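Let's take a walk through this model together, going from a pair of packed helices to a few local details.

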Amino acid sequence: MDDSHSDATSRREELIAFATKHLNAARACVPELEALLEALAPKVKSIHATGLISFTRDLKHDVCAIEAILEELRRQQTPAERGEDEADLDVVWKQLEPRTTGAHQSTIRWRAVRRCANLVAVKRTFQGSSRDSRRAAVLERSSNSNSSGDGGGLPEHERLQMHRVIKEQTKTEVAVVDRGARWVDVCCITAVRLVLPNLVRGVHADVDVLLEQLPRIDPGVQLVVEDASSPFLADDDLISGGTCRSGLDDMIRTLVGDSRQMLTDTLNLEHTVLVDLISDLTHLRLASQPWQSRTTRAQIQEENARPDGVMAPTLYPLLRGRRLVCTHEAAEHFHEMLATVGTPTERERGRLLVPYHAAERDATPAALRARFDALSERPPPTDVQFPVEILSADERWDVERVRHLVEEGEDGGTDGVHGEQRPRLPQVALEIVCRGLLKSSKLSTYMYGWHRGIVTVTSNKEIRAHMKTWVEAGRRSDDDRGPQLYCVEVTRNLLAKSAHPPPGWVCAADATEG
């Protein structure tokens, strides 16, 4: 009986140590998650859509459950005092094991998320598509895989055997492995980092084969598989937990994605932002007219809803205290567009803001600003550079220049080891240009910002998603990065020809009187 009590005591101590280890790791994550929730909530349309609330709630629930079990284990100091035996500890283990497993998995996931930036979600399933379309895509993939005889169509007995092997080492990743090949079809993802913290290479040959084959499930997707032995998960900072206040603040800023923090001292302005800066809708209080487009009327009403408007208070703070430049091609395109569609005041503001023509080039900045301010009810503050600096036209941006910057580099410094010049543009930049994905002034604008490592400011809401897709599809390594883009969430049309009714326009009131 004494031996039985001794064994029970030893096992009880092991359970306490085991539970305490997982409890301490999980507890450290809770205040970090709560701080992220507080910072992220005002920045997103729906904090529930991120999955962060349920993720935090589940982790706290596991923490409370482990605390309760530990309290019960520690209540009696000796097994004899409560007649404890192995059967009692089996019951405790059945209660403890799922809670520690859940806490451990949440802790590992959170510590991996901490390595990321611009958080979208921690728990989200097939956002943006209907259940029927997802089911159809999965069934189609399954049918094709089973009929093709390739790696995705393993015989049923082999697939079941592989699952049995995997389940010996992991409980949560089985579904990921089983459905991973189908996810990329449904979600149209071009690059994925698949983190499998409960799998490890070198333990079982079948698992090694699985991890080796996973990146090949779709040639159109770059899949990086991280197992428990990968540097991504083996990093000391990731495993140790615990973050100082300053480190926590930096981490949260990175996860929330405070885009203003990324603004560089020099900003490269795309022509859409130049349009925002000179539009009559930005600078004047206008009355919407029935002949105007729905978009123009909505923008006028939005501007009139606030005393200082919307566009100016949104854009000016981004530009204050920074050098503002645009490429020669962007300036050229900007003035060609104004000559066709701008109102007289929009054209004049454009000539003053972007001094492309001789008369404005010869004028002083003070004279240009004074005239611009006279044309605006919402002029830019004095610490916003005026006018915008037009870059030299000596070297035009085209495919050959991009090729030169990729292959040989220019003004890129040295590698710090061999003193060799480094290219400042990655190979993917040349691929984007050669495919004709950027035309005219856009090519010069985005390639210049990319080459110089400065932020390009645009109000084109589509270009950021397009650029991300293009870069992900053509990148050669994790070190390849696209251009730094800041997308202004507000944009304004030129008032242009809608300042006056079109020829033959008849007001409804006039038509009634006639």
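Start with helix α15 (residues 328–341) and helix α16 (residues 344–353), whose axes come within 9 Å and cross at roughly 165°. Axes here are lines fitted to C-alpha atoms, for helices over the stretch in contact, with angles running from 0 to 180 degrees between N-to-C directions. α15 and α16 are therefore roughly antiparallel to each other (an angle over 145 degrees). The contact, meaning heavy atoms within 4.5 Å, involves Phe334, His335, Leu338, Ala339, Thr340 and Val341 on α15, and Glu346, Arg347, Gly350 and Arg351 on α16. By type, the residues of this contact of α15 with α16 comprise 4 nonpolar, 3 polar and 3 charged; Asp, Glu, Lys and Arg count as charged, Ala, Val, Leu, Ile, Met, Phe, Trp, Tyr, Cys and Pro as nonpolar, and the others, Gly among them, as polar.

This is a predicted model, in which local features need pLDDT of at least 70 and side-chain atom pairs count only at pLDDT 80 or more, while totals for chains, interfaces and linings use all residues. Residues are numbered from 1 along each chain as its sequence is written, and side-chain values use heavy atoms, with hydrogens and water left out.

Now move along to helix α20 (residues 427–434), where Val428, Ala429, Leu430, Ile432 and Val433 are buried (under 20% relative accessible area, with a 1.4 Å probe and protein chains only). These buried residues of α20 pack against α19 (399–407), α21 (440–452) and α22 (463–474). After α20 comes glycine 436, with a positive phi near 70°.

Finally, look at the loop between α18 (365–374) and β5 (389–390), which holds proline 387. A cis peptide bond, with omega about 0°, links phenylalanine 386 to proline 387. Most peptide bonds are trans. Helices (H or I, at least four residues) and strands (E, at least two) are DSSP runs, numbered from the N terminus.

Key: Parallel < 35°, antiparallel > 145°, perpendicular 65-115°, else oblique. Buried < 20%, exposed > 50% of the residue type's maximum accessible area, 1.4 Å probe, protein only.
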